[in-house]
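These are my notebook entries on a structure that I had not examined before. I set down what I looked up, entry by entry.

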Amino acid sequence: MAQKMLSDISGEWNISDASLGTEELAHLEMVATIVHQLTCNLSMEEIEKSGFANYYVDHTTGIWPQAAGGIPFNACEFQSKGDPLTDLFEDLAAEQKARSTYDNILRLVKDPEVADPIRFLRAREIVHFQRFGDALRSVQDSLDSRNYYAFNPSFDCPASCNPSDT
Ligand SMILES: [Fe+2]
């Protein structure tokens, strides 16, 4: 979302050479594959002892995206306000939340077949954060210094705080 809005502002800016959204979906595929590999051959006893029983009752061992706390994934996970500043700060926060989640997983998991891909995903979130930071700087460079964070630059432009302009 932010990527499109940024291109609206600059006419040429892009978050990266590759599609960040496509990469994020590939990350979901990696995590789903890890979950499938960890759960597909569980015995009933392992399911009961591992705390997986509630999930198993609802979904067997199928992949059904949800937070670690059990909150199901839904479209609310995709935040979009239609304001490049708001959306980029949201994107930056999302990347750090993902990195923190991977850090928490890595504190719990020592199996290299799980930890190594998680370390890769963690590294990518850091890169994403840096690219969104670049994007934020690009947007900030095009803002009027007198109305920093005071207007939606993609909707209220040309915004001005100068009373003589109104
Ligand atoms: Fe990311």
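I take helices (H or I, at least four residues) and strands (E, at least two) as DSSP runs, numbered from the N terminus. I note that this is a predicted model, in which local features need pLDDT of at least 70 and side-chain atom pairs count only at pLDDT 80 or more, while totals for chains, interfaces and linings use all residues. Residues are numbered from 1 along each chain as its sequence is written.

Entry on Leu121. I located Leu121 in helix H6. Is Leu121 buried or exposed? I counted 21 C-beta neighbours inside 10 Å, so Leu121 is buried (20 or more other C-beta atoms within 10 Å of its own; 12 or fewer is exposed, and in between is partly exposed, with C-beta atoms placed from the backbone). Leaving aside residues up to four places away in sequence, I found Leu121 touching His27, Met30 and Tyr102; contact requires C-beta atoms, placed from the backbone, within 7 Å. I also looked up Ala98, which lies 23 residues from Leu121 along the chain, with 8.9 Å between their C-alpha atoms.

Entry on H2 and H6. I found that the axes of helix H2 (residues 20-39) and H6 come within 11 Å and cross at roughly 160°. Axes are lines fitted to C-alpha atoms, for helices over the stretch in contact, and angles run from 0 to 180 degrees between N-to-C directions. H2 and H6 are therefore roughly antiparallel (over 145 degrees; under 35 is roughly parallel, 65 to 115 roughly perpendicular and the rest oblique). On the H2 side, the contact is made by Leu20, Glu23, His27, Met30 and Ile34, and on the H6 side by Val114, Pro117, Leu121, Arg124 and His128. I sorted this contact of H2 with H6 by class into 6 nonpolar, 2 polar and 2 charged residues. Nonpolar covers Ala, Val, Leu, Ile, Met, Phe, Trp, Tyr, Cys and Pro, charged covers Asp, Glu, Lys and Arg, and polar covers the others, Gly among them.

Entry on H5 and H6. I looked next at helix H5 (residues 84-108) and helix H6 (residues 112-141), whose axes come within 9 Å and cross at roughly 160°. H5 and H6 are therefore roughly antiparallel to each other. I sorted the contact of H5 with H6 into 17 nonpolar, 3 polar and 7 charged residues.

Entry on Thr60. I found Thr60 in the loop between helix H4 (53-59) and H5. Its phi is near 55°, a positive value in a residue other than glycine. Thr60 has 11 other C-beta atoms within 10 Å and is therefore exposed.

Conventions
Two residues are in contact if their C-beta atoms, placed from the backbone, lie within 7 Å.
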